[in-house]
Every structure is written in C-alpha cells, then in structure tokens.
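Please keep the sequence and the 3D view at hand while reading.

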2 protein chains.
Amino acid sequence: MKISEIGEFGLIDMIAGMIAGHRDEAAESSKRLIMGIGDDAALWKGSERTQVATTDTLVEGVHFSLKFCDWESLGWKALAVNLSDIAAMGAHPLYALVSLSLPGDVLVQDVASFYKGMLDLCSKSGTTIAGGNCSSSNKVVITLAVVGEVDAGRTLLRSGAEPGDVVAMTGFTGLSAAGLKRLQSKGRNNARNRAEIAGGGRESESLLEEAFLRPRPRLKEAQFLAGKGVKAAIDVSDGLLKDLGHICESSKVSTEVNTGSVPVHPLLKEYSGRNALKLALGGGEDYELVFTASKKTLSKVKEGIGCPVTVIGKVTGKSEAGKLIIRDEKGKVVSPGKYGWEHFKQS
Amino acid sequence: MKISEIGEFGLIDMIAGMIAGHRDEAAESSKRLIMGIGDDAALWKGSERTQVATTDTLVEGVHFSLKFCDWESLGWKALAVNLSDIAAMGAHPLYALVSLSLPGDVLVQDVASFYKGMLDLCSKSGTTIAGGNCSSSNKVVITLAVVGEVDAGRTLLRSGAEPGDVVAMTGFTGLSAAGLKRLQSKGRNNARNRAEIAGGGRESESLLEEAFLRPRPRLKEAQFLAGKGVKAAIDVSDGLLKDLGHICESSKVSTEVNTGSVPVHPLLKEYSGRNALKLALGGGEDYELVFTASKKTLSKVKEGIGCPVTVIGKVTGKSEAGKLIIRDEKGKVVSPGKYGWEHFKQS
C-alpha cells in the first residue's frame, strides 16, 4: 500500500504506534519524556547539564540512492549521522525529532522499515524519538535533529587542540567510500537482497557496504575519551584530512600527519588497491573520531577504549589560520589534493 | 553569484557571520549559548524547566513556490511555523537549528535574504540560531527544529479540554488561504514587487498575502493564556475545524462549534465572498490559537491578552473517540465536508 492511500495522519498513527511499542522504559530519555508524538511539540524534564543539539539531512540522489540503499539501513543511517555529531561533543543523546519528506508513492511498509532501522539504533544508544513531521515532496529528504546532554567541562571541542598533543583516530576510514562504490556498481538488486547477504555468512564481504549503510557512531568511545581528559575531537563525516583541518582552524594550530601511519583496513586494500590510502585520507562518512591528546592522556585512552586507536600525527605549534601539513611515509611534504567532499561546489 | 560558486563552506561562513552580527546579547538564549555554529553540535546551559522541541518542514512546490514567495518571507515563515508549535504548548523558544537543502543555482543573496527574514523573527521572539546544516538537492527543502522551555504545570496540551469549557480562538482564520490564492493568481512578478507593495501605502490590500507569507506566531498570547489557567490549546496549521478536532480526540470530549460565531475578517469577505466562511473554517496556516477554558478563566483571558478572542463553541461532554459537531447559524447540524488539508492523500 502506498502512503498516498493512508494519508499523513494514517502514516503518523502507524509511526506513533511503532515508537510506543518500542519504548524502552529503562532508558533515561524514556523516563524523562512527558509528551512524545501527539501534541504540537515534545516535552521532557530538563536538567542543568550542558545541552547539546545537532541536525543533519540525507537527500535522495545526493547522500543515497534507493537503488542500493534499503529503507531499514536508511533509517539507521539517518539517526547514526546525527548521533555521531553528538558523540563528537563527548555527549550522550536523549531525543530525536524526525522530519520526513516523501513522494506519495512510497510504500507504507518502506516507511515502517525506515523506522525499524532507526528504532534499532535508538535501543543501542538510549535515544527516544520524541516527535517529527511528515510532508510530501518529489524526492526523499530526511532531516533529524537530536538533543542530548553532557557534563560541563567534559565536552570535546574542535578548538581544544594544543601544541605538543598527538593526533590520533579510532578505527579505520575509507571503508564507507569504498562501500558506496561497491553498492553503486552492484545496483538495484542489492537493496532487495542486502539483508540476505548480511545474514548468509558473507559478513566479511559486506563489511564495506555496512560501513556505508550502517555506520556506528562512536558514542561510548567519545564519552570514554572525554572521561580520560581528551579535549579536542571531531567525527569523520567529510574525510579524515578535511575534518582534521577543521580542528586545526578552530584550535589555531599547525598539525602534521604522516600518511604512512594512517591505518588502512585489509579489506579496503583488497577492494581498492592503490586507491586505498586515498580513500582512507579523503573518503567521507566513516564517523570515526579524530582527536588530539597529550601523550600521557593517550596512553590512558588506549587502555579500555575497546576499539583500535592509532597515532597519525602531532600538533606542532600555534597557527592563527590553522595549518595541516601532510607527509608521506618517507617524510616528504605532499599536497592534500582534492580530498573530502563539499556540497554545491562545482569541481 | 550562485551558491555553487562559493560552496558549502563558503555559504556556512556567510551564514555564521550574519548570525554572529545579529546576536542579541540581552536575550536569555544568547546568554546561555556556549557554542553556536562552528563545532559538531550546539551547546548551551541547561535548566530544570520542562524542555519543549518541535520540527517543521517547508518543501518547494508543496508549501510554497518561489514564483510568489520571496526568500525573506520564506525565512520568516520557516521559523514562524515552528515557533507557532512552541506557542501552542505555552512555551517560549530558545534555539533554532536550520537545515537547508538547496539547488546549486540558488543565489547567495537569496540565502542571505532567507536568513535576514529568519533573524528578524529571531529578534522579535528571543530565538537564537544555534546550528544547522546545508546540503544540495533538486528542490528547496527547509527543516527547522526549535527547542524551548516552559514551567512545569504551565503547559497547554491538546488533551486539556474539559466538559463545560467554552471553545475560543484568537484573531481570524482563512486569511492565509485567501492570501495564497491571491499570490497564486498574481504570479511571479509578485515575489519581486512584494516589498514595494507592502511599503507603498497599500498595506490593507497586502494583509491577506502577509497572512500567508509572514504569519505571526502567538507566543505572548499563548503564554498569557497559560498564565491565566488555560489548559488546552492548539495552533491552527491544518484548518480551524481540523485542528479543533485534534483537541476533541486528545481530550476525549465532544465539542460543538457554531459557524455563525466564527469571526470572518472583512477583508476575507471582500476577497472571497461566499467562500469566506469556508476558508475561515477550513483554510490552514493561520497560526492562530484555538483553546478551551472555563467561562471564569475566559473572562480573565479577555482582559489584557491584546488580540481579539472569540467564543465559537463549547465542550458538551465526554466522548472516547472525540467528536466535533458543527452547527450553522440557525443551529442546524452540518457536515464538516472536506475542510483542512492533508499530505500524501489523494482526494
């Protein structure tokens, strides 16, 4: 059945039912919720902690294609990209507001799958969907806003890097960009069969696709970093070098990265060959964390964070405009080239 | 210059500059802001008051057309429709997050006008733009999320209506729907000339258009209602009868409306003739408030609210599913017909 057949209010009823049925009474966000879907706005009990809020949008044909992205993954990812911004502040998420703009011929079951994917990640992250909005459009446009909290003084800021810090990152980058390429080359059938592939013992093969479709926001790891005294971090959405550049600008520091130290995942090497390092440095949407810390803090971090942490460079000094120097494995300074991705700009 | 020429980060720099230049240091939201645009998420000082949050979207070709809606009005309206939801809870707004999806050929000056319109209403309402997101798309899609606060026990809920209450409304409805028709019939030239028309002594003529383009969210009036003990309210976004129907459903009450009591603005009569009452009952996007209150509370409300308040009906009893009975000026029960507007549904 198409959503044009049940209408806006029929759709909202279905969504409200799914969210109510999924509510985790034990979660802090659930306990504090006073009014979820069903009034003009959501209400919850406030706190004097520092409040954090972010918004991010996925546009059909720009951020994803329904030819290779299934609706359940889309729901997961729409929330994940927002949670990653909450993580990058060292905060924990509480509430999500979901704005869906959809063509009338979208199937009701696809919207249900979308919410299933989102609610899955809600459970894993303690997030409650507190409200939203449905409207019609010619393409799918999904905007989430997520509100959360963090203790004052435990925030991770782009502006917190200090000369003498090392630059480190969690996990691996470039997998998402490689996954996107793989999905694009496989085309439409993939969206239908992805669930079976993932469940059929071919998990290692689908790891690249999962990196693109179901990124894992580093919430716990970021809170762990903040707890150990890390002050500066960003999540990798635009690309490792580009996002590290934002830290340099905001912190007014110069930083050196040694590309030979950037970890390249074996699967990325296998799939992308000579392009692997380029993807690791410039491919976006990995939602790993890049951060800076004193060597002492870093050694504390490495114990117990529960994910790979790799030192990739150092903060060398102050720089009013911010400066990022890239050296290859032989120590030679190289041009950043065109890493990262920017909206609107014709290149 | 097109936004494709300055790119996402150039656009964000311009927007951040406009917002910084416009910051009202005296506003509570400004005092509590710790981090606005420039990090992964916004940060502000929390409070133990009840938190309120809403989101609403405007889609080109669905909610507006650039043929007759100028960018400054669009900015105003995008914020206004969200503030109206905050008002409908009796709350005051604090922060807005702005997600813009734009085609690359949109002019930079149009985005500046859009923010000018939004910042205008920010000043009037004490709202601070704390963050947002820019991405490319084939049509303009604007989603705002607004966060605010309200004292516990001073909220206006859809579920607060009681048998014996009167049903009342602020101002006039139907003007926005008539304004939209007028704009559609005038077409493209209007967007260019609207500012001149409004400034050229023909203000009374452009009142209908203003109702559509620059709705005034009833923030102060709603807070006044809540302060006087009103418990149930909704803002008129879908249409007077349709939105009153939501109060009936949420409060589980039956309500009677006398269409002869619904105020019809003289300009609406002049422009829409025999259709005036139909527009007043069913036309959406007026952002007036419909509320219920005891007669005693209503008499307190009428003194000092500073806008017209008209009794249009009464809450007659309990009703599990909610029931809305419409009587014409002779007291005869009439069918609601097809008032209001719904997304997706083919009618």
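**Domains, sheet and chain contact**

The domain assignment divides chain A into domain 1, residues 7-150, and domain 2, residues 158-334. The model is a predicted one.

- Taken over C-alpha atoms, the centres of domain 1 of chain A and domain 2 of chain A are 25 Å apart.
- The two domains touch: 18 residues of domain 1 of chain A are in contact with 24 residues of domain 2 of chain A.
- On the side of domain 1 of chain A that touches domain 2 of chain A, helix 3 (residues 71-87) of chain A gives the most, with 9 residues.
- By residue type, that side of domain 1 of chain A consists of 9 nonpolar, 5 polar and 4 charged residues.

**A helix pair in chain A**

- Helix 1 (residues 3-22) of chain A packs with helix 4 (residues 108-125) of chain A at an angle of about 25°, and their axes are 10 Å apart.
- Angles under 35 degrees count as roughly parallel, so helix 1 of chain A is roughly parallel to helix 4 of chain A.
- The crossing of helix 1 of chain A and helix 4 of chain A is right-handed.
- Helix 1 of chain A contributes residues including A:Ile3, A:Leu11, A:Met14 and A:His22, which meet residues of helix 4 of chain A, among them A:Val108, A:Tyr115 and A:Leu119.
- The contact of helix 1 of chain A with helix 4 of chain A is made up of 11 nonpolar residues, 1 polar residue and no charged residues.

**The contact between chain A and chain B**

- Each chain takes part in the contact, with 64 residues from chain B and 64 residues from chain A.
- Several elements of chain B each supply at least two residues of the side that touches chain A, including helix 1 (3-22), strand 3 (92-102) and strand 5 (141-150) of chain B.
- Strand 2 of chain B gives the most to this side, with 17 residues.
- The side of chain B that touches chain A divides into 25 nonpolar, 25 polar and 14 charged residues.
- Pairing also crosses from chain to chain: strand 2 (residues 42-59) of chain A and strand 2 of chain B are antiparallel and share 9 bridges.
- Within this pairing, A:Gln51 has B:Trp44 in strand 2 of chain B as its bridge partner.

**The open sheet of chain B**

- In general, the strands of a sheet pair through backbone hydrogen bonds, either parallel or antiparallel.
- In chain B, 7 strands form an open sheet with mixed pairing, in the order 7-9-6-10-8-11-12.
- Strand 7 (232-235) and strand 12 (333-334) of chain B stand at the edges, and each has a single partner strand, so one side of each is left without a neighbour in the sheet.
- Strand 6 (residues 166-170) of chain B pairs with strand 10 (residues 309-318) of chain B in the antiparallel sense, over 5 bridges.
- In strand 10 of chain B, B:Lys314 is the bridge partner of B:Val166, and B:Gly313 stands opposite B:Val167.
- Strand 8 (residues 253-258) of chain B also runs antiparallel to strand 10 of chain B, joined by 5 bridges.
- B:Glu256 stands opposite B:Lys314 in strand 10 of chain B.
- Helix 8 (residues 219-227) of chain B lies across strand 6, strand 7 and strand 9 (289-293) of chain B, and runs at about 10° to strand 9 of chain B.

Note on methods
Residues numbered from 1 in each chain as written. Chains lettered and ligands numbered in written order. Predicted model: local features only at pLDDT ≥ 70, side-chain atom pairs only at ≥ 80, totals over all residues. Pairing = 2+ DSSP bridges. Helix = DSSP H or I, 4+ residues; strand = E, 2+ residues; numbered from the N terminus. Contact = placed C-beta atoms within 7 Å. Axes fitted to C-alpha atoms, helices over the stretch in contact; angles between N-to-C directions. Domains from an automatic or database assignment. Nonpolar A, V, L, I, M, F, W, Y, C, P; charged D, E, K, R; others polar. Parallel < 35°, antiparallel > 145°, perpendicular 65-115°, else oblique. Left-handed = near helix turned anticlockwise from the far one by under 90°.
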